[in-house]
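Please look at the sequence and the structure shown here, and follow the report below alongside them.

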Amino acid sequence: MTTLSPSGERALNNFIKETVEAKKIPGFVFGVSNVDGEIFFQGGGTNIVNDPASGEVNPDSVFWLCSQTKMIAALAALKLVEQGKISFDTPLSDYLPEFRNPIIVDDTSTQKTTFRPAETVLTLKHVLNFSSGLFYPVVREGPNSLPDAYTSKEIHGTQDPISSFLRVITGDLPALPLKFEPGTDFVYGFSSDVLGFIVEKVSGKTLEEFCKEHIFGPLGMESSFYLTPALKRRLVALTFRGEDGGLNPWANQLKIIEQDPEKVSVHMGGVGLYSSMRDYLKLLRHILQINAGRPVVNPILKEETVHQIFEPALTEKGAKSLSEFITLPGTQWGTALAICTQDWPQHRRKGSVFWGGWAGTTHFIDPTSGIAVVFGVQVVPYGDAEVVQFSSKLEALLYSALNTGSEGL
């Protein structure tokens with residue numbers, strides 16, 4: 001069983017303490033679990049940057065997960081596949097008529113583009129592995145902004161919020177735009193939101209209700225698509241790093257999703273979930289256990305389904321596009337997460353699955369090392385250099401501290 005060496009744990013604690021005191025990044029937490037339970041969970045800093053009265057960030061603090069939501073939407077869809085209510089080859093148009101006649105655009109940076117009809121039927125498998133062709137628009141309010149479909153407050157007030165969401169994606173074009181023929185490549189975009197819509201249409205429940213019944217409830221997670229008063233009291237506020245490098249309290253410097261739980265009427269499988277890192281780590285450990293063939297009480301998915309998360313599903317071209325997108329060589333995608341197809345020196349091992357969110361949260365599962373890891377922070381714009389540097393060093397210290405027992409995983 002994987003543990004931490006005493007000297008390695010001291011090095012982690014010292015580095016975290018130094019980082020908190022240096023105040024180069026806002027409040028954060030870092031948690032590690034082996035196949036049986038948590039073996040490390042530390043962090044520090046304040047819920048509101050540079051505001052000691054706001055309280056300390058801790059493992060039970062709540063974060064807006066942003067794109068870490070995508071894994072949850074995929075798990076929900078995989079549950080429906082297991083239940084026989086939908087298959088990987090089910091056409092999306094069976095449930096969402098907007099997908100009957102999508103178009104392939106020649107230029108994703110403008111609405112004034114030439115296009116042609118898509119020849120391939122869009123199916124569930126395409127939105128599970130981001131080979132659908134659905135893309136995030138290049139044209140936004142600014143280079144650091146979220147897409148309009150996410151930030152629109154008007155969508156939530158319409159009679160059919162899902163159709164309204166898809167209309168925003170379509171814009172002035174005659175049909176839903178795709179970047180390429182489904183199944184041929186990879187592009188990051190609205191695939192997970194569509195997954196969530198399919199879950200709702202097939203199950204007859206909201207994504208919130210379905211996830212509470214089949215994922216959150218069984219694992220004792222308080223995660224939710226609604227920022228309820230109870231969750232908001234534990235929320236780590238967003239921090240905005242200015243062009244001068246300074247950390248500023250959140251003052252709506254960028255448009256974000258609707259956060260008023262009384263107004264939210266569309267659950268965005270790509271960006272809409274709130275959770276503590278401790279709860280998210282529970283889920284990752286559960287997946288690690290099922291994948292390892294451990295006996296699990298009330299498993300949320302079958303072992304065969306979980307194995308598919310770790311199995312590459314993209315074409316060679318798709319894998320190349322994904323690797324270029326995240327600037328990490330040898331990356332693939334399964335049915336829910338990105339996959340490392342090679343070791344990262346001093347970091348996670350080949351076969352690990354991972355992803356992260358727009359505001360800085362990240363996670364991975366490394367079956368070879370027998371660990372699951374979460375890192376929570378809330379700083380924008382996306383890709384904060386200080387956070388990237390810190391989390392990379394933290395992971396290197398973690399791997400130098402690991403003692404992997406003889407028990408196979």
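Threonine 239 stands opposite valine 379 in strand 16. Strand 8 (residues 239–241) and strand 16 run parallel and are joined by 2 bridges, where strands are taken to pair if DSSP finds at least two bridges between them. Both belong to an open sheet of 3 strands, with the order 9-8-16 and mixed pairing. Strand 9 (247–249) and strand 16 (379–380) each have a single partner strand and stand at the edges, so one side of each is left without a neighbour in the sheet. Strands and helices are DSSP runs numbered from the N terminus, strands being E runs of at least two residues and helices H or I runs of at least four.

This is a predicted model, in which local features need pLDDT of at least 70 and side-chain atom pairs count only at pLDDT 80 or more, whereas totals for chains, interfaces and linings use all residues. Residues are numbered from 1 along each chain as its sequence is written, and side-chain values use heavy atoms, with hydrogens and water left out.

Proline 117 lies in strand 6 (residues 115–117) and is exposed, with a relative accessible area of 61%; here exposed means over 50%, buried under 20% and partly exposed in between, for a 1.4 Å probe and protein chains only. Leaving aside neighbours within four places in sequence, proline 117 is in contact (heavy atoms within 4.5 Å) with Pro102, Ile103 and Glu181. Between proline 117 and glutamate 181 there are 64 residues of separation in sequence, while their C-alpha atoms are 9.5 Å apart in space.

The structure holds 14 salt bridges, each defined as a side-chain nitrogen of Lys or Arg within 4 Å of a carboxyl oxygen of Asp or Glu. The table lists some of these pairs.

| Lysine 212 | Glutamate 208 | 3.6 Å |

An α-helix has 3.6 residues a turn, so residues three or four places apart point the same way. Glutamate 208 counts as buried at 5% relative accessibility, whereas lysine 212, at 37%, counts as partly exposed.

Arginine 234 is partly exposed at 24% relative accessible area, and glutamate 222 is partly exposed at 47%.

Arginine 348 counts as buried at 9% relative accessibility, as does glutamate 395 at 7%.

A network of salt bridges links Glu38, Asp60 and Arg278.

Helix 9 (residues 277–291) has 15 residues and reaches 21 Å from its first C-alpha to its last, close to the 21 Å expected at 1.5 Å a residue, the expected span being 1.5 Å times one less than the number of residues. Helix 9 is mostly covered, with 13 of its 15 residues buried, and is followed by glycine 293, whose phi is positive, near 75°.
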